[in-house]
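Thanks for coming. I will go through one model this morning, starting with the nonpolar cores and ending with the contact between the chains.

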Amino acid sequence: MESIQSILEQAREAIAQSSSTSELQSVASRYLGKKGALGQLLRQIGSLPPEQRPQFGQQVNEALSQLARQIAERYEQLAQQELKAQIRAELLDITLPGVPVRPARLHPLTITARQVKQALIGLGFEFVEGPELERFEYNFGALNYPEDHPAMDAQNSFHVGNGWLLRTQTTAIQGRIFEEVQRGERSLPLRIAIIGRCFRYENVDATHSHTFHQVDAFMVDEGVSMAHLKGTLTQFARLMFGPEVRVRFRPDFFPFVEPGVDFAISWKGGWLELGGAGLIHPNILEHYGIDSERYSGFAFGLGIERIPMLQYGVDDLRLFLENDLRFLTQFPVL
Amino acid sequence: MRVPIEWLWDFVQFDLSISDLAERLTMAGLEVEEILETPHGTVLSLYITPNRGDCLSIFGIAREVYALLGESCQPTPLFWRLSEWILNPPPVEPGETAQYARVEVLDPDLCPRYGARVIRGVVIAPSPASVQNRLLAAGMRPISNIVDATNYVMLELGQPLHAFDLDTLSQQTIRVRRARAGECITTLDERTHRLQPDMLMICDAERPVAVAGIMGGAETEVTEKTQNILMESAHFHPRSIRRTSRTLDLSTESSYRFERFVDPNLVVVAQLRVCELIEEWTGVAPVLGMLDVYPQPLPMRMLGVRLRRAEQMLGFPIAPQEAQRVLERLQLQPKLAEEGFEVRVPLFRPDLAREIDLIEELGRILGYERIPESPPTGTTTQGKDSPEGAFAERLRTILLGAGLQEVVSHTLEPENPFQTAGSGVSEQMYQPVALYNPMSEELSFLRFSLLSSLIRTADYNRRRGIRDLHLFEIGRVFALGEQSYYEWLHLGLLMTGQTHEPHWSEKPKPVDFYHLKGVVEYLMRALGMAPRFVPMNGHDPRFHPGRCAYVHDKDDQRLGVLGELHPSLAQTYEFRQRVYLAEFSLNALLHRAVHTVVYRALPIFPPVLRDIAVIVPQAVPVGQLLDTLKEVGGDWLESIQLFDRYVGEHIPEGWHSLAFSLVFRSRERTLTDEEVNERVDQMFHALETRHGALARR
């Protein structure tokens, strides 16, 4: 029978010789398992005289636990080395490009429309939709345009026949809303806004297009004044262009408002005209059965494209509807 | 409108610098677009809004300057003399003029007033140099003393005049009447116009000699040989002038003014002024008297303005004295009334029709900088987006998540092959909508489908070397039905090129039908819908006939279409890669989408997983196999994935091998292996008996 001592010596030798955790694991099973060298010794315990058995068993068990401790220590050492080696081996070139995600963005006009909507909804305006292919009557007649008046010259329109045209201004929604008031489907006071596409017979260049977008907002209540218009426009302009922006009114003419103004915002040391505004003409209110002594209203409108042109410095209007991907993917997600 | 400063000084003297004056005018609604330094002096270039025809003259601008500057400017005696004439024109008598000419107004509805004077024995010569200089500064070409005098007075007072060679007028007669069918006239610009019966003409005893208020005729114009003049000064109906001018495509300084209404009192004032100037320049006085046909003189309008109301509308306080001063300086002759003032509106201000117009005048002259910024008071209203707008935002969120780029493209488009069907949402017959007055053929139709827009966008980018496109657009499309026009909000999708950018770790794959279908499935599920893909029975020439489908919801409502661009169209547009397209009715999606969420408790019992494989003829649609599996799998079948499809070795020609991954789970208890195995056997059996599949166990 081999002596415990010599087995221990062989085992220590094997542990020291192990150069990896897996090698060490086979050493461990060679010496520690039931079928290992010490286990074999223990199995021969029956051949000993009964009085020697307890001592022998104790010696083998001591040897087992001694070995187990030594293996564990060695294992810890080797595991550390192996982890270090693994980390060394797994070094990545972090400058290699990452797997690209497709650059999917909103269109810049959508980004602007969102900002405009957010600002006006916050100011209590309800957004509605109106047709782009509109009746002549809503686009002009309902807006107090005298028949065949030069006031329409600035808004030469595309016709499709039968008194239908492509709306030249989103203000065309007003008559439809006032009809709803007249039918009792809406009640006063109201604050309505619309964003949409408009069309004018105009040649295309960097600042003009036959197709563009507008936002229009109007409010009707008792005692609405030019001061309320200025207050609302100032709030709106500050939400869009920053808290320092001021609003200036200059007299202008639009048949559907009286007084009519164009409004400008303070911008880079000067004034920048942004759109038209005024008090809703009493002729319009009265036409829809609204008492113009009791109720008054304001309306304002402006071009949407103008806003990203200012905000992002886009210098050519045509870019918006051309959809060159190199242009569209420039805009950050806002 | 060009205003030479030196000419303006004839009427008002002021100390203001030119740029300060320009600023004041601009802020009062007379926008100075430019201050021009010309060889003929400094000129203001003004934009006059279409309601202010009274400002289309030097004198009209002078009136505004006086109203604005008040005490700080000095009107001249000429200013006061002309103002007085305009407000209270001196009475006129035919005098001796009736011996030399006759005037008959046959259509007074279109010509409410016609005045004529005669000047005999003039010698045609150039006008004085100072006059020529002013005309040049104002942008007109000097011609001769008589013609220049008419232009000079038009620029000065805003009343267009016309000088006829009296001896060329048949029977020295002026007849103002509508044109007769077949009549023609050759105008001063040597264009010959065929006239229509609603056009007002100035005629002699025989023929038209001028297009009323627009341009004179060539045959009766003043020439070097002219000795006797008939000077016309008239008031024409604005709309009639505008229509004729548009129909004949003939727009002049004269028609521009008449369209915007010219004060009928100027008929007389301008005659007095032009003859005064001609006498001054040539020494020839007019024949005494003046013919003036004015059967129904226009009355002056009386109008009241309440001060309290003005303050309420403008939002700032106004002292009665300052209101009175403003109204006086606007020549409105205010009288104190109970709550404010009553004014007499001069005929040159037809834009002042109601109280609110006077309130605007008060605000405009006092200055809008006095308006404070007040937030609206009273009942607050609930701000919100429109249902369509809010839904479009929902779609955008989903589609950005699917990696699609938003585009926004033109409504106007050329005739194109995509005008053959709508989104397939309706079976009705529709026509594309054509413009009656397109700018060009390229812009002659309203888009009928978003697919044409998306294809144009793909084409535009392809020409710039961008071939991988994953796009969506939300926009309106238009159609003409039997009764009326239709306008719908649509959603369009386009995918073409590679699935992703080239990368060292992963080879990009070309986009195929199933990539687009995957996006559509993702979209539908995100909207809470279970999509069904239904073969197209009809023939849609936009799509590859073997690679297109209708998209229905679970109740078989049609929502849209998807498919591969028809190979012949791909050729037309020179696409060398395959293009996949889809289009949906946004309203159909909006109405079928789920708008509320009901929470379902998470499962508490463990799942049982099984993978099964069959071989089956390729002609059997996989959708049918899936339907069978779902049906037989019943409530226990929680999910089913087709995770492998194989064609090739060991599989008969025309067959394929399909492998499904099944998850079984009960909401009541833990399922046993035995009962799941039994269920799987039933599923295999159903695939074998119903679809001729063979199990691969």
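The largest nonpolar core has 239 residues. By nonpolar core I mean a set of buried Ala, Val, Leu, Ile, Met, Phe, Trp, Tyr and Cys residues joined through C-beta atoms within 7 Å. A residue is buried if 20 or more other C-beta atoms lie within 10 Å of its own, exposed if 12 or fewer, and partly exposed in between, with C-beta atoms placed from the backbone. The residues with the most contacts inside this core are I280(A), F298(A), A62(B), A212(B), I229(B) and L581(B). Its largest share, ten residues, is contributed by helix α9 (residues 266-282) of chain B. There is also a second, separate core of 16 residues, including V608(B), L629(B), V676(B) and F684(B).

This is a predicted model, where local features need pLDDT of at least 70 and side-chain atom pairs count only at pLDDT 80 or more, while totals for chains, interfaces and linings use all residues. Residues are numbered from 1 along each chain as its sequence is written, and chains are lettered from A and ligands numbered from 1 in the order in which they are written. The score pLDDT is the predictor's confidence in each residue, from 0 to 100. Chain A averages 91, and 99% of its residues score at least 70. Within chain A, helix α3 (residues 37-43) has the lowest confidence, a mean of 79, and strand β1 (residues 126-127) the highest, 98.

Back to I280(A). Leaving aside residues up to four places away in sequence, I280(A) touches F218(A), V220(A), F256(A), V257(A), L285(A), G297(A), F298(A) and A299(A). Contact here means that the C-beta atoms, placed from the backbone, lie within 7 Å.

Now the strands in that part of chain A. Helices (H or I, at least four residues) and strands (E, at least two) are DSSP runs, numbered from the N terminus, and two strands pair if DSSP finds at least two bridges between them. Strand β8 (residues 257-267) of chain A pairs antiparallel with strand β9 (residues 270-280) of chain A over nine bridges. In that pair, G260(A) stands opposite G278(A). The two strands form a hairpin with two residues between them, and K268(A) in the turn has a positive phi of about 50 degrees. On to the next strand: β9(A) is joined by five bridges to β10 (residues 295-303) of chain A, again antiparallel. There G276(A) has G301(A) as its bridge partner.

In chain B, five strands make an open sheet of mixed pairing, in the order β6-β9-β12-β13-β14. At its edges are β6 (102-105) and β14 (215-216) of chain B, each with a single partner strand, so one side of each has no neighbour in the sheet. Strand β13 (residues 208-211) of chain B runs antiparallel to β14(B), with two bridges.

Also in chain B, is L565(B) buried or exposed? L565(B) is buried, because 28 other C-beta atoms lie within 10 Å. It sits in strand β27 (residues 558-565) of chain B. Beyond four places in sequence, L565(B) touches H544(B), A570(B), V579(B) and L581(B).

Last, the contact between the chains. It takes 74 residues from chain A and 76 residues from chain B. On the chain A side, helix α8 (residues 226-241) of chain A gives the largest share, seven residues.

Technical notes: Contact = placed C-beta atoms within 7 Å.
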